[in-house]
Amino acid sequence: MNFVASQYEKTIPSKSTITPSDRQLEYADGDTLRFEIPSFQAHIDPRQTYLKFRVKCRDAPTALCFSKKCGIHSLIDNVRIYDADTNLLLENIQNYAELAEKLHIYSENRSIRNKRGLTELLEYGARAFDGEEYDNLPARNADQSQLFKTYPTGSDATYSTNVDYTSVDGVECVVAFRLYSGVLGQLSSKMFPSFIVGGLRVEIDLNTASKALGVWTAEGITADDGTVDKTIGDGDSCRFGIVQPNPSTASPLTSVDLYCERNAGYNQITSDAGGGAYPPQGTSALSAGGRAVKNQLVGAINLRVGQKLYGYTNAATPVLSLLGTISSLDCNAGENAGGLVRVRVGLTGSLVNGADFVGGMGNNNTGNFQNFLNNTCFVRKTDAFSKTPRVILNDVEFVVKTAMPPQAYTERLLKQAQTEEGMKLDYLTFDTYRNNINASERVVQINIPAINRRATSILSLPVQNNVANSVAHNNLDSVIDTAKDYNYLVNNKLQPTRKVPLRQLSQVPPRTEQIALFETEKALGAVRIMVKQLDYQDENFFIARALARYGTIYNLAEDGNISLRVEYDAPVLNKLMISYIGGLRRLIVNSSGKYIEP
């Protein structure tokens with residue numbers, strides 16, 4: 001693709017060149033990707049420069065996905081870019097994934113999200129917070145996973161299998177995405193003259209798979225004692241209801257049938273009291289943590305062959321029991337003669353009696369309500385996440401778009417670089433600062449020793465500290481933790497002068513804090529992020545302030561620092577406050593050498 005430079009009033013030719021990584025072998029999560037971009041790729045167009053590789057997941061405990069908000073970006077921890085001659089650090093973005101998640105979610109609309117789904121492994125159907133219709137719940141859409149083979153669906157999907165449809169080796173996918181970089185990525189819209197610094201060296205540290213990946217859905221998984229665990233996934237942890245045991249006599253179980261949804265337009269029933277399949281306890285059972293399996297076998301994706309299945313008996317005081325080890329799963333989704341539609345879970349090694357699980361979800365053995373735990377089953381959290389997944393990368397490449405401007409333009413830059421004043425190039429980037437906050441602190445004032453001379457905005461993300469990374473939850477999520485209000489202290493003045501309220505975000509259900517949302521939009525706009533949606537503020541919380549407006553800059557280095565003051569009502573979490581100061585960094589190349597002004 002060519003573009004027109006108005007200064008010369010003619011088309012400037014351009015081309016893409018593949019720059020391979022330092023070794024053409026497999027990379028694993030936690031590794032560092034390295035690239036050498038030679039100086040003969042003189043003028044780099046960051047608008048069409050992107051990272052590309054093949055990726056797959058191995059040893060997955062269940063169906064997983066990369067961040068539901070930023071996709072494959074969650075795999076990146078740090079990005080560093082040096083000049084190839086002197087190892088001058090041009091750009092250093094730490095905690096990249098946490099930043100990318102917020103920039104992604106606020107800059108998307110439906111079209112952009114769909115495009116990212118094609119190139120960045122942003123799993124559209126994995127989200128639970130979009131407020132869309134029921135059909136888009138994650139438990140109904142695990143069959144859309146790009147990383148894993150899952151259970152088939154359809155009116156003819158009547159099958160019986162002892163095969164684990166969530167393959168432990170996953171499916172290999174190809175991704176291509178632009179980095180949030182001011183030198184080689186989305187933060188820049190002008191060419192970078194790499195020849196003037198002798199080429200570039202790029203280093204990208206990868207996160208561990210346990211941090212980058214998250215569970216697709218938590219349905220069927222609970223805490224080890226069978227209670228609903230809202231910390232798993234998107235808080236959709238639940239138990240499945242047993243419609244009937246097989247056999248229903250005193251013999252040990254060979255299988256249990258679970259309630260599942262009917263196929264639209266099919267002549268099916270979900271319970272038949274005459275046949276011993278009692279109806280469940282309606283909406284009350286649902287609110288108490290019981291569910292029917294969604295979309296045939298898709299919603300039972302967390303019930304895997306080889307795992308132990310636990311359940312509660314139909315006693316007045318339900319007894320937690322080991323039902324056995326899952327040996328097979330099947331669904332008679334093709335039933336169309338007025339019969340019972342169900343998901344059947346085959347069991348081996350069962351030592352319980354079928355008569356203890358008759359009556360339907362929430363009922364005693366006569367089908368009358370007794371306890372919401374009655375006749376429900378689940379997989380324990382400890383068993384569900386017993387494996388540690390791995391991420392494998394192959395064919396890692398940087399696709400670099402280079403332009404060929406007129407020779408006069410290149411010569412002019414070279415002449416400037418030989419003068420005492422030198423050639424100057426400004427580019428937008430982020431500097432990262434971290435501060436720890438103890439759970440006991442209700443009034444927090446943290447000092448950020450900023451050295452930025454051309455700052456435009458600051459984004460502060462409070463994330464939970466001292467918690468091990470796990471695919472059971474989103475490790476990139478920020479936490480509100482009953483935050484009441486905030487403001488920044490800039491040059492010994494409160495910015496804004498009135499505290500920005502946050503208290504409504506902690507209400508149940510959460511409500512929008514409009515002033516904080518205005519601050520968010522202004523801060524993102526100051527770092528050239530085009531804000532396209534402002535929904536789900538509580539799900540995508542961060543503290544922000546624009547330091548300059550209308551394309552101007554603010555010299556924080558003269559002040560010596562910037563401070564953030566946050567008040568909490570009743571905090572309970574240890575937090576790590578990650579602050580990103582966005583602004584311009586200046587590269588100067590003159591007769592004395594090369595250096596960076598922050």
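Strands, like helices, are DSSP runs; a strand is a run of E with at least two residues, and numbering starts from the N terminus. The model on the screen is predicted.

**The whole chain**

Begin by displaying the entire chain as a cartoon. The chain holds 8 helices and 35 strands. Its C-alpha trace spans about 95 × 50 × 35 Å along the principal axes. A compact globule of 598 residues would have a radius of gyration near 25 Å, and the 28 Å of this chain agrees with that. Of the 598 residues, 56% count as buried. Among contacts with a separation of 6 or more, 75% are between residues 24 or more positions apart.

**Two cis peptide bonds**

Select Gln495 and Pro496. The peptide bond from Gln495 to Pro496 is cis, with omega near -10 degrees, and Pro496 lies in strand β31 (residues 493-501). Next, select Asn246 and Pro247. The bond from Asn246 to Pro247 is also cis, with omega near -5 degrees. Pro247 sits in the loop between β17 (239-246) and β18 (255-258). Such places deserve a look because most peptide bonds are trans.

Most residues other than glycine have a negative phi. Asn87 is in the loop between β9 (76-83) and β10 (89-93), and its relative accessible area of 43% makes it partly exposed. Then select Arg528, which has a positive phi of about 65 degrees. Arg528 belongs to the loop between α7 (514-526) and β32 (543-546). Is Arg528 buried or exposed? At 54% relative accessibility, Arg528 counts as exposed.

**Cysteines**

A disulfide is a covalent bond between the sulfur atoms of two cysteines. Here the cut-off is a pair of cysteine sulfur atoms within 2.5 Å, and by this rule the count comes to 0 disulfides. Select Cys57 and Cys65: the sulfur of Cys65 is the nearest cysteine sulfur to Cys57, at 10 Å. Cys57 counts as buried, at 1% relative accessibility. Cys238 is buried, with a relative accessible area of 0%.

**The second largest pocket**

Select Lys115, Arg116, Glu120, Arg178 and Gln186, which lie nearest the centre of the second largest pocket among its 22 lining residues. The elements that give two or more residues to this lining are α1 (96-106), α2 (110-119) and β12 (173-177). Of these, α2 gives the most, with 4 residues. The volume of the pocket is about 600 Å³. By class, its lining has 8 nonpolar, 6 polar and 8 charged residues.

**Distances in sequence and in space**

Asn314 is in the loop between β21 (308-312) and β22 (320-332) and counts as buried, at 11% relative accessibility. Beyond its neighbours within four places in sequence, its contacts include Phe357, Asn364 and Gln370.

Finally, select Ser14 and Lys401. They are 387 residues apart in sequence, and their C-alpha atoms are 7.0 Å apart in space. Ser14 lies in strand β3 (residues 14-20), and its 14% relative accessibility counts as buried.

Terms used. Residues numbered from 1 in each chain as written. Predicted model: local features only at pLDDT ≥ 70, side-chain atom pairs only at ≥ 80, totals over all residues. Heavy atoms only, no water. Buried < 20%, exposed > 50% of the residue type's maximum accessible area, 1.4 Å probe, protein only. 1 Å grid on protein atoms, 1.4 Å probe; cavity = no way out; pocket = protein on both sides within 12 Å on 5 of 7 lines; lining within 4 Å. Points joined across faces, edges and corners; volume = space filled by probe spheres on them. Nonpolar A, V, L, I, M, F, W, Y, C, P; charged D, E, K, R; others polar. Rg over C-alpha atoms; globule rule 2.2 N^0.38 Å. Contact = heavy atoms within 4.5 Å.
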